[in-house]
Amino acid sequence: MAWGGKSGGPAGASGSGGSLSFIGSEVTITGNISGKGDLHLDGSVEGDIHCASLILGAGGRIKGNISAETATLGGTVGGTVNARTLIVEKTARISGDLSYESVSIETGALVDGRLTQRGGEGQLKLVSSSE
């Protein structure tokens, strides 16, 4: 599905219990995206994203700032990331500052920017790749 939504969201989603929207790899958006639900992005966005939970697939690209409660990044980001819980996968390529309460960065991920832990009981967790 290139673009769409579904009520309820996936099991274990940490969002607000709202909807889950998908943006497929063939979709390019120029402009900001804002919503209270969860977003799975495999396409490209040139603009800022604000949502409850963001999953950026390995082929996804964002040129703009990200603000989310939970962000799992596997693609390319050019901009600042502000998330309570941040997971940076080994396929991620990030050029920008990261602000978080809790972060996990897999071996192989590239991050070019400052990492800033916000207030709270968060933790820095470095994840080793066992593949």
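Q: Which residue in β8 is the bridge partner of serine 44, and what makes strands β6 and β8 a pair?
A: The partner of serine 44 in β8 is arginine 61. Strand β6 (residues 44-46) and strand β8 (residues 61-63) run parallel and share 3 bridges. Two strands pair if DSSP finds at least two bridges between them, so they qualify. As for "strand" itself, the name goes to a DSSP run of E with at least two residues, numbered from the N terminus.

Q: How do you know which residues and atoms went into all this?
A: This is a predicted model, where local features need pLDDT of at least 70 and side-chain atom pairs count only at pLDDT 80 or more, while totals for chains, interfaces and linings use all residues. Residues are numbered from 1 along each chain as its sequence is written, and side-chain values use heavy atoms, with hydrogens and water left out.

Q: What is the order of strands in the open sheet, and why are β3 and β14 called its edges?
A: The order is β3-β6-β8-β10-β12-β14, 6 strands with parallel pairing. β3 (28-30) and β14 (110-112) each have a single partner strand, so one side of each has no neighbour in the sheet. On average, neighbouring strands here are turned by 5° against each other, direction ignored. That angle is taken between axes, which are lines fitted to C-alpha atoms; in general such angles run from 0 to 180 degrees between N-to-C directions.

Q: Why is the contact between glutamate 69 and arginine 84 called a salt bridge?
A: Their side chains come to 3.3 Å, N to O. The term asks for a side-chain nitrogen of Lys or Arg within 4 Å of a carboxyl oxygen of Asp or Glu, so the pair passes. Glutamate 69 sits in strand β9 (residues 66-73) and arginine 84 in strand β11 (residues 81-88), 15 residues apart, and the pair links distant parts of the chain.

Q: What other salt bridge does arginine 84 make with its side chain, and how many Å is it from N to O?
A: Glutamate 101 is the partner, at 3.7 Å. Arginine 84 is in strand β11 and glutamate 101 in strand β13 (residues 98-106), so this bridge ties together parts that are 17 residues apart in sequence.

Q: What makes Glu69, Arg84, Glu101 and Arg118 a network?
A: Salt bridges link the four of them. Besides the contacts above, glutamate 101 meets arginine 118 at 3.6 Å, N to O. Here glutamate 101 in strand β13 is joined to arginine 118 in the loop between β15 (115-117) and β16 (124-127), 17 residues away. A search of the whole structure turns up 4 salt bridges.

Q: Is threonine 72 buried or exposed, and why?
A: Buried: its relative accessibility is 15%, and that falls under the cut-off. Threonine 72 belongs to strand β9. Leaving aside residues up to four places away in sequence, it touches Leu54, Ile55, Leu56, Ile87 and Glu89. Contact here means heavy atoms within 4.5 Å.

Q: Is isoleucine 33 buried or exposed, and why?
A: Also buried, because its relative accessible area is 16%. Isoleucine 33 lies in strand β4. Among its contacts, with residues up to four places away in sequence not counted, are Ile23, Leu39 and Val45.

Q: Why is strand β7 called mostly covered?
A: Of its 8 residues (49-56), 6 are buried. Strand β4 (residues 33-34) pairs with β7 in the parallel sense over 2 bridges, with serine 34 partnered by histidine 50. Strand β5 (residues 38-41) runs parallel to β7 and is joined to it by 4 bridges; leucine 39 stands opposite leucine 54 there. β7 and β9 are parallel as well, with 7 bridges, and cysteine 51 has alanine 68 of β9 as its bridge partner.

Q: What makes β13 largely enclosed?
A: 7 of its 9 residues are buried, so the rest of the structure largely encloses β13. β11 runs parallel to β13 with 7 bridges, and valine 88 has isoleucine 105 as its bridge partner. β13 also runs parallel to β15, over 3 bridges, with tyrosine 100 partnered by glutamine 117.

Terms used
Buried means under 20% relative accessible area, exposed over 50%, partly exposed in between (1.4 Å probe, protein chains only).
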